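The entries follow the order in which I went through it.

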Amino acid sequence: MVVAVHHLAAAQDVAAIPTLITVLGYNNPGAAVAAVDGLVALGQDAVPALLEQIDGYNYGARAWAIRAVALIGDPRALPVLLETAKGDFALSVRRAAARGLGTIDWAKLPSDQAPSSQQEVLSVLIGAAQDPEWVVRYAAMAALEGLAKALAAPETQKPPILACLQQVFHHDETPAVQARAGKALETLGELADAIN
Amino acid sequence: MGQNPQQLVNAEGESLTVEQAIENLRQTADTGLRYYAAWWLGRFRVAQPEAIAGLVSALEDEGDRAPDGGYPLRRNAARALGKLGDRTVVPALIQCLECEDYYVRESAAQALESLGDPQAIPALRSLLAGGVAAAVAVPDKPHLVQPYNAVLEALGTLGATDAVDEITPFLEHEVAQVQNAATRALYQLTGQATYCDRLVERLQEPNLQLRRSAMMDLGAIGYLPAAQPIAATLAENSLKLIALQGVLDAHLRQIGFPQRGLTDEARQVLLLMDELL
């Protein structure tokens, strides 16, 4: 089946979307990875059907669908990514959702909506920076870096991001998470200040 | 993060305070409560003297017995003590290496590794007595006569350089995970990269369990050249992230992070990890 899914994914045909989404529910990780790749390659065309899937009851499929919409970065997925990053009980799902919040394609959102949506993302990511699981905090650092580079209102929203990154850089209990915050600060041109 | 144990909740969603957990551990009427309290105190790193004392006395518990004759509370107490960083408990854990319950011995060896006190080395070495010839499976049990993986790993971490000659034959033990543990220990004790390359080759094994085990060993010893092969092996992203975290943490310790900033190697590992989120 994995090979068949690979072929279907490689076809990059919107007609394959429902089938690829069905595969997410088969509890076959190899096939699901291939289906996610296929759906991500189809990009925003796959988003409405994926969001519908996320509303469904199949938990395993839900996790894969979150990963797919996170990788696509379509702002229509924002509500579900925000909700998932805040409260999902599975750490791998919180991790994928947090990452997705950092790779939203903000150009696809009407420009007057960006500042308030970004404010929501910012609050959720700052919350995720306190998650008990190191990998969720790690994903939050990566996402804050992405968000900081795409801010519509940097003068008000960049300072809280930098404060959060600096806090984690100096005080997180997991060195890898500190390092991810450090890399974000470096990318934003703020690492030298943080070290001194 | 600096979690406040007072605010943490138990598995049923009820809040459990440090005082209650210690009290639950002290009482002997309800073995379930004691067992859970021992786990909780370790999970939330409650290292205050009352908790330590309660856990040490739980190492000699006779009340909680498993159907197989084992000592579930002792196992949990040993694991918890390994997380609390208090080396005064090392002699008590060394005693546990003689316990009749295999899983108590295994938990104690792992805890002794975490506590990092070389005092434990002679007792750990004695579990290797008889060498590979004696390291056979217990009939009808899913394990060998001793917890060789945990013992070998502990000897490596504790710097038991005198034990190299005893450990080397375990590279040829018939169980692949035991070979991995010996490989990992020998790298730690000799610094020779050829040992790690053996583990890196294991990442190509057709068997998923072996790939996972080699990956976690490479993460535990923090072998930087393994970062790319770990990211590329066929296994769950969650496990790859844990292994890469281990590799990165070891490198960060070496470079004096955070005071000295990041290196190109650290940036490379971070990039690999980002892709797996």
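Why are Trp134(A) and Tyr138(A) separated by about one helical turn? I found that they are four residues apart in helix H9 (residues 134-149) of chain A, and therefore about one helical turn lies between them. Helices here are DSSP runs of H or I with at least four residues, strands are runs of E with at least two, and both are numbered from the N terminus.

Before going on I noted that this is a predicted model, in which local features need pLDDT of at least 70 and side-chain atom pairs count only at pLDDT 80 or more, while totals for chains, interfaces and linings use all residues. Residues are numbered from 1 along each chain as its sequence is written, chains are lettered from A and ligands numbered from 1 in the order in which they are written, and side-chain values use heavy atoms, with hydrogens and water left out.

Entry on the aromatic rings. I looked for pairs of Phe, Tyr and Trp rings (the six-membered ring for Trp) with centres within 6.5 Å, where planes under 30 degrees apart count as stacked, over 60 as edge-to-face and the rest as tilted. By this rule there are eight aromatic pairs over all chains. Trp134(A) and Tyr138(A) make an edge-to-face pair, with 6.3 Å from centre to centre and 85° between the planes. I then checked burial, for which buried means under 20% relative accessible area, exposed over 50%, and partly exposed in between (1.4 Å probe, protein chains only). Trp134(A) counts as buried at 14% relative accessibility, and Tyr138(A) is buried with a relative accessible area of 0%.

In chain B I looked at Tyr36(B) and Trp39(B), which form a tilted pair at 5.6 Å centre to centre, with 35° between the planes. They are three residues apart in helix H2 (residues 31-43) of chain B, so about one helical turn separates them. Trp39(B) counts as partly exposed, at 37% relative accessibility. I also noted that Tyr36(B), Trp39(B), Trp40(B) and Phe44(B) form one aromatic cluster.

Entry on chain A as a whole. I counted twelve helices and zero strands in chain A. Its radius of gyration, taken over C-alpha atoms, is 17 Å, close to the 16 Å of the globule rule for 196 residues, so chain A is as compact as a globular protein of that length; the rule is 2.2 Å times the number of residues to the power 0.38. Of the 196 residues of chain A, 54% count as buried.

Entry on two single residues. Which residues does Thr174(A) contact, leaving aside its neighbours within four places in sequence? With contact meaning heavy atoms within 4.5 Å, I found Trp134(A), Arg137(A) and Gln245(B). Thr174(A) sits in the loop between helix H10 (154-171) and helix H11 (175-187) of chain A, and it is buried, with a relative accessible area of 7%.

Leu152(B) lies in helix H9 (residues 148-157) of chain B and is buried at 0% relative accessible area. Beyond its neighbours within four places in sequence, Leu152(B) has contacts including Leu128(B), Ile167(B) and Phe170(B).
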